[in-house]
Amino acid sequence: MAAANVLLLLLLLPELTSAQTKVVDCVAQFELANRACTIIHAANRRGRESEDGHSHGHGEGEAKGHHRNRCCRWLKEIDDSCVCNTLLRLPISLVKPKHAYTVSVGDHCSVTYKCHGL
């Protein structure tokens with residue numbers, strides 16, 4: 001869905017500058033990772049709501065593992081510059097000259113985005 005929206009935007013606005021194209025690309029990257037990682041949250045919430053001491057069938061752990069793998073994959077696809085440029089919108093007191101931000105998906109994976117500062 002996100003890719004279709006980006007494609008539609010590119011078709012409607014063919015005169016985008018390279019900076020605008022980069023913003024559209026970053027939005028698409030964030031959207032894909034957000035969708036993949038939101039599924040983990042929803043699956044965990046469903047799991048907590050159904051914890052009643054009964055067996056819930058085979059493959060439930062495999063499904064969560066699959067969702068975590070997808071989340072990690074899309075987090076790794078986000079370009080460092082997208083994260084860094086987004087974080088530059090923070091209040092100046094929170095923007096560091098040189099820093100790295102790490103996103104962890106439980107114990108499953110960690111993705112670090114390195115920013116070179118202002």
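About 170 Å³ of space lies in the largest pocket, a pocket being an open set of points on a 1 Å grid over the protein atoms alone, where a 1.4 Å probe fits, with protein on both sides within 12 Å along at least five of seven lines. The model is predicted, so local features need pLDDT of at least 70 and side-chain atom pairs count only at pLDDT 80 or more, while totals for chains, interfaces and linings use all residues. Residues are numbered from 1 along each chain as its sequence is written, and side-chain values use heavy atoms, with hydrogens and water left out.

**Pocket lining**

- Lys 22, Val 23, Cys 26, Val 27, Phe 30, Ser 81, Cys 82, Asn 85, Thr 86 and Arg 89 line the largest pocket; lining residues have an atom within 4 Å of a point.
- Helices α2 (18-49) and α4 (80-87) each contribute at least two of the lining residues, helices being DSSP runs of H or I with at least four residues.
- The most is given by α2, with five residues.
- The lining comprises five nonpolar, three polar and two charged residues.

**Salt bridge**

- The structure holds one salt bridge, defined as a side-chain nitrogen of Lys or Arg within 4 Å of a carboxyl oxygen of Asp or Glu.
- This salt bridge joins Glu 31 to Arg 35, with the closest N and O atoms 2.6 Å apart.
- Glu 31 and Arg 35 are four residues apart in α2 and are therefore separated by about one helical turn.
- Glu 31 is partly exposed at 26% relative accessibility, and Arg 35 is partly exposed at 43%; partly exposed lies between buried (under 20% relative accessible area) and exposed (over 50%), with a 1.4 Å probe and protein chains only.

Note on methods: Points joined across faces, edges and corners; volume = space filled by probe spheres on them. Nonpolar A, V, L, I, M, F, W, Y, C, P; charged D, E, K, R; others polar.
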